[in-house]
Amino acid sequence: MATSNATFVTALTAAALATVGFLAYQAAATVPTRTAAGSTSAAIASKVPRDKLDPAALPPGSGAGERVVYSLDDNRVWLVASGDHVIRTFEVIPGTIDPAPGVYEVTSRSNSVTGTDGIPIEHVVRFTSVDGVVIGFSAAVREAGAGATATAVPTGGIRESRRDGDAMWGFATIGARVAVIH
């Protein structure tokens, strides 16, 4: 009888551990993006209200502290200093792949490269990837029509003007936070 009790307790323990492991996996899948230092980034609202009278106003609920805010719905970027002071805001042209809303960090930068669409770009500021497609901000060195090649390759480049690209380059260094909102 002692052997069957031990077997029963062992089976219950194994089932409990499997359940805890499964729940831990589910919980880990919903944790906000972590910074390079390992601390959890500030959560931001998925859909934030807009100022109808001033569409260029910084959306409330887009985070706190120094950061880049990128609105998927408005195709707009805000460069935000501490105290929610907007240094600059500008419109952008998104690539074919969008990042998920959340808080990211700038992971790499390149002064000058060729984009996946064949256009020479500068001041590339990368902050995530989606299914192997790198997502980041960049400025085309020349107008898109001049020498552009049509491509079926998914692109993650969020294009900005050269002037706005200069501002982004000076602001968004490695480790800078990027808040992506709807």
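Start with a term. Two strands pair if DSSP finds at least two bridges between them. Helices (H or I, at least four residues) and strands (E, at least two) are DSSP runs, numbered from the N terminus. With that in hand, find T114. T114 stands opposite P120 in β6.

Some ground rules. This is a predicted model: local features need pLDDT of at least 70, side-chain atom pairs count only at pLDDT 80 or more, and totals for chains, interfaces and linings use all residues. Residues are numbered from 1 along each chain as its sequence is written, and side-chain values use heavy atoms, with hydrogens and water left out.

Stay with that sheet. It is open, it has 4 strands, and the order is β5-β6-β7-β8. The pairing is mixed. Which strands stand at the edges? They are β5 and β8. Each has a single partner strand, so one side of each is left without a neighbour in the sheet. From one strand to the next, the twist averages 30 degrees. Axes here are lines fitted to C-alpha atoms, for helices over the stretch in contact; angles run from 0 to 180 degrees between N-to-C directions. β5 and β6 run antiparallel, joined by 6 bridges.

Now the other sheet. It is open too, with 5 strands in the order β3-β2-β1-β9-β4. Its pairing is also mixed. β3 and β4 (102-105) are the edge strands, each pairing on one side only. Here the twist averages 20 degrees from strand to strand.

Zoom in on β2 and β3. They run antiparallel, with 6 bridges between them. W78 has T89 in β3 as its bridge partner. L79 has R88 in β3. The hairpin of these two strands has 3 residues between them, and G83 there takes a positive phi near 75 degrees.

Next, the helix α2. Contact, by the way, means heavy atoms within 4.5 Å.

On to the interior. Two terms first. Buried means under 20% relative accessible area, exposed over 50%, partly exposed in between (1.4 Å probe, protein chains only). A nonpolar core is a set of buried Ala, Val, Leu, Ile, Met, Phe, Trp, Tyr and Cys residues joined through side-chain atoms within 4.5 Å. The largest core has 20 residues. Those touching the most other members are V68, Y70, V77, F127, F137, M168 and V178. β1, β2 (76-81), β6, β7 (133-140), α2 and β9 (177-181) each supply at least two residues of this core. Look at V178. Leaving out residues up to four places away in sequence, V178 touches V68, G102, V103, Y104, V106, F127 and F137. There is a second, separate core of 5 residues, and among them are V69, V80, A179 and I181.

Side chains of opposite charge can pair when their charged atoms come close. A salt bridge is a side-chain nitrogen of Lys or Arg within 4 Å of a carboxyl oxygen of Asp or Glu. How many salt bridges does a search of the whole structure find? It finds 5. I'll take R88 with D164 to begin. Their side chains meet at 2.9 Å, N to O. R88 sits in strand β3 and D164 in helix α2, 76 residues apart. D164 counts as buried because its relative accessibility is 12%.

Then D117 and R159, at 3.2 Å, N to O. D117 is in the loop between β5 (108-114) and β6 (120-130), and R159 is in strand β8, 42 residues apart. D117 is buried, at 16%. R159 is buried, at 16%.

Then R162 and E122, at 2.7 Å, N to O. This pair links helix α2 to strand β6, 40 residues apart. R162 is partly exposed, at 40%, whereas E122 is buried, at 12%.

One stop left: S62. S62 lies in the loop between α1 (2-29) and β1 (67-71). Is S62 buried or exposed? S62 is buried, at 0% relative accessibility. Its side chain reaches the backbone oxygen of P59 at 2.8 Å.

That's the tour. Thank you.

Technical notes: A polar contact is a pair of N or O atoms within 3.5 Å; within protein, one must be able to donate a hydrogen and the other to accept it, and residues adjacent in sequence count only if both atoms are side-chain atoms.
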